[in-house]
Amino acid sequence: MTVGFIWGASGPRRVSGEGIGGAIKGGGDLGKEVLERLRRAHRLKMEDFVSSYVNLTTGSPFRVLVATILSQNSTDKAAMRAYSELERSVGLTPEALVRAGLRRIARAIRVAGLADAKARAIRELAALALRLGDPDLKGLLESGPDAAREALLRVKGIGPKTVDVLLSSTGTLDTIPVDTHVRRVAQRLGLVGERESYERIKSRLEEVFPPGTRYEAHLLLIAHGRSVCRSRRPLCDRCVLSDLCGYYRRAAGGS
Ligand code: SF4
């Protein structure tokens, strides 16, 4: 049986069956309309999103960060393979990762790409967890999103998007991490401009998608960007959002 998940005000919740339900309410009309259509169009499976999968299966913020670092500039499938291999050959505790040489970590995660840089980031994160005496980094998250963000952004290789994935996937902050798919779909729909900053896009999307739906919106926009609103040759004729889409109207020669 497929295990799915939904995101609500109380955090991620597993659901069994063929997909996720769309019972989340509230917020602006446009956001609600987009969400309802995307829910009908895409079935979210937690194994398609490595950070969510790791959060739901381990409950460890430290491991979620490792998985999210692995997914940078990579596919979730490759990141999942790298995560499993790292767990098998090195171990996923801060102690094991600090003890292991960078080369050993890089070898284990090679399939996800940028192995040397990611190995450095993972090892630096492990050193931070040891320094804090907080192996799962649960204490850091409990200190609040601002304190967690400040501490994590000091780790080279962890940027605002990685922190937002951690904060939103663990239910610490109701926000929308902006990855390449989210950015592309939002830009094509006309929700944000072409040259907007990460923070500007995020805050605009937070205005569009009501509280309690934002992490789900993040996942649905990624699913849409992967399968329909692809970077090259988007499948506009099959898109459930085409009548709302500025890109589609322009391509069709409309206003
Ligand atoms: S109509 Fe085309 S460009 Fe617009 S959201 Fe859909 S797939 Fe993307």
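**Reading helix packing and burial in a predicted model**

Modeller: In this predicted model, helix 2 and helix 3 cross in a right-handed sense.

Colleague: What makes helix 2 and helix 3 roughly antiparallel to each other?

Modeller: Helix 2, residues 50–58, and helix 3, residues 61–71, pack at an angle of about 165°, with their axes 8 Å apart. Angles over 145 degrees count as roughly antiparallel, and therefore helix 2 and helix 3 are described in that way.

Colleague: Which residues make the contact between helix 2 and helix 3?

Modeller: Helix 2 contributes Val-50, Ser-51, Val-54, Asn-55 and Thr-58, while helix 3 contributes Arg-63, Val-64, Ala-67, Thr-68 and Ser-71. Sorted by class, this contact of helix 2 with helix 3 has four nonpolar, five polar and one charged residues.

Colleague: Why does Ala-115 count as partly exposed?

Modeller: Ala-115, which lies in helix 7 (residues 115–132), has 19 C-beta neighbours inside 10 Å. A residue is buried if 20 or more other C-beta atoms lie within 10 Å of its own, and exposed if 12 or fewer do, so Ala-115 counts as partly exposed. Leaving aside its neighbours within four places in sequence, Ala-115 is in contact with Ala-106, Ile-109 and Arg-110.

Colleague: Which residues of helix 11 are buried, and what covers them?

Modeller: In helix 11, residues 180–189, the buried residues are Val-182, Arg-183, Val-185, Ala-186, Arg-188 and Leu-189. Their cover includes helix 12 (198–208), helix 13 (214–227) and helix 14 (246–251). Just after helix 11, Gly-190 takes a positive phi of about 90°.

Key. Residues numbered from 1 in each chain as written. Predicted model: local features only at pLDDT ≥ 70, side-chain atom pairs only at ≥ 80, totals over all residues. Axes fitted to C-alpha atoms, helices over the stretch in contact; angles between N-to-C directions. Helix = DSSP H or I, 4+ residues; strand = E, 2+ residues; numbered from the N terminus. Parallel < 35°, antiparallel > 145°, perpendicular 65-115°, else oblique. Left-handed = near helix turned anticlockwise from the far one by under 90°. Contact = placed C-beta atoms within 7 Å. Nonpolar A, V, L, I, M, F, W, Y, C, P; charged D, E, K, R; others polar.
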